Amino acid sequence: MNDLVEDCRITGQIRLDGEDIYGDMDVNLLRKRVGMVFQKANPFPMSIYDNIAYGPRTHGIHAKAKLDEIVEQSLRDAAIWDEVKDRLNKSVLGLSGGQQQRLCIARELAVHPEVLLMDEPMSALDPISTSKVEDLVISLKKEYTIIIVTHNMQ
């Protein structure tokens, strides 16, 4: 993420399966293997569908039927499908903050990462949205390695 940040210094190592991610690792492959969910939702300024299909397209999936399947399953896995299924071609900017955060989680799930990094994913959310994202994280831990940073003492 810091490739283009001038004067950015990196010290130490972060290893994924024994390989230093700052070495010769293919950045596109790293982005497939490790998903990142930020403190503040960062949906792309495009439709709900295109937000979720973005990663799979980047990794070579272009068949509409396959993308449709990935989009639906990712949104279901992120517990937001029922809320957005009738407006997949609408802008994500019409979603609430909690919905946008769950959409960002769905966007990461669409490429089936091995690891999910989550930086304060509930800090900007109201209590109801926080509860939904917490429940989602608990359900995802069965299939993903999740590294989460939070100041929530619970």
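Tutor: Start with Ala106. Setting aside neighbours within four places in sequence, Ala106 is in contact with Ile52, Ser74, Leu75 and Ala78. Keep in mind that this is a predicted model.

Student: Where does Ala106 lie?
Tutor: In helix H5.

Student: Is Ala106 buried or exposed, and why?
Tutor: Ala106 counts as buried because its relative accessibility is 0%. The cut-off for buried is under 20%.

Student: How far apart are Ala106 and Glu72?
Tutor: In space, 9.5 Å from C-alpha to C-alpha. In sequence, they are 34 residues apart.

Student: Back to H5. Which strands does helix H5 lie across?
Tutor: Helix H5, residues 97–109, lies across S3 and S4. Its direction is at about 170 degrees to S3.

Student: Now the sheet. What is the strand order?
Tutor: S3-S4-S5, three strands in an open sheet with parallel pairing. The edge strands are S3 (34–37) and S5 (145–149), each pairing on one side only. From one strand to the next, the twist averages 15 degrees.

Student: How many bridges do S3 and S4 pair over?
Tutor: Four, in the parallel sense; S4 covers residues 115–119. Within S4, Val115 is the bridge partner of Val34.

Student: Switching to the surface. Which residues make the nonpolar patch?
Tutor: Ile10, Ile14 and Tyr22 make a nonpolar surface patch of about 280 Å².

Student: What about Tyr22, where is that?
Tutor: In the loop between strand S2 (19–20) and helix H1 (27–33). Tyr22 has 42% relative accessibility, so it counts as partly exposed.

Notes
Residues are numbered from 1 along each chain as its sequence is written. This is a predicted model: local features need pLDDT of at least 70, side-chain atom pairs count only at pLDDT 80 or more; totals for chains, interfaces and linings use all residues. Side-chain values use heavy atoms; hydrogens and water are left out. Two strands pair if DSSP finds at least two bridges between them. Helices (H or I, at least four residues) and strands (E, at least two) are DSSP runs, numbered from the N terminus. Axes are lines fitted to C-alpha atoms, for helices over the stretch in contact, and angles run from 0 to 180 degrees between N-to-C directions. Contact means heavy atoms within 4.5 Å. Patches are made of residues with over 30% relative accessible area and no salt bridge: like charges are joined within 9 Å, nonpolar side chains (Val, Leu, Ile, Met, Phe, Trp, Tyr) within 5 Å. Accessible areas come from the Shrake-Rupley method with a 1.4 Å probe; for residues, only the protein chains shown count as cover. A salt bridge is a side-chain nitrogen of Lys or Arg within 4 Å of a carboxyl oxygen of Asp or Glu. Buried means under 20% relative accessible area, exposed over 50%, partly exposed in between (1.4 Å probe, protein chains only).
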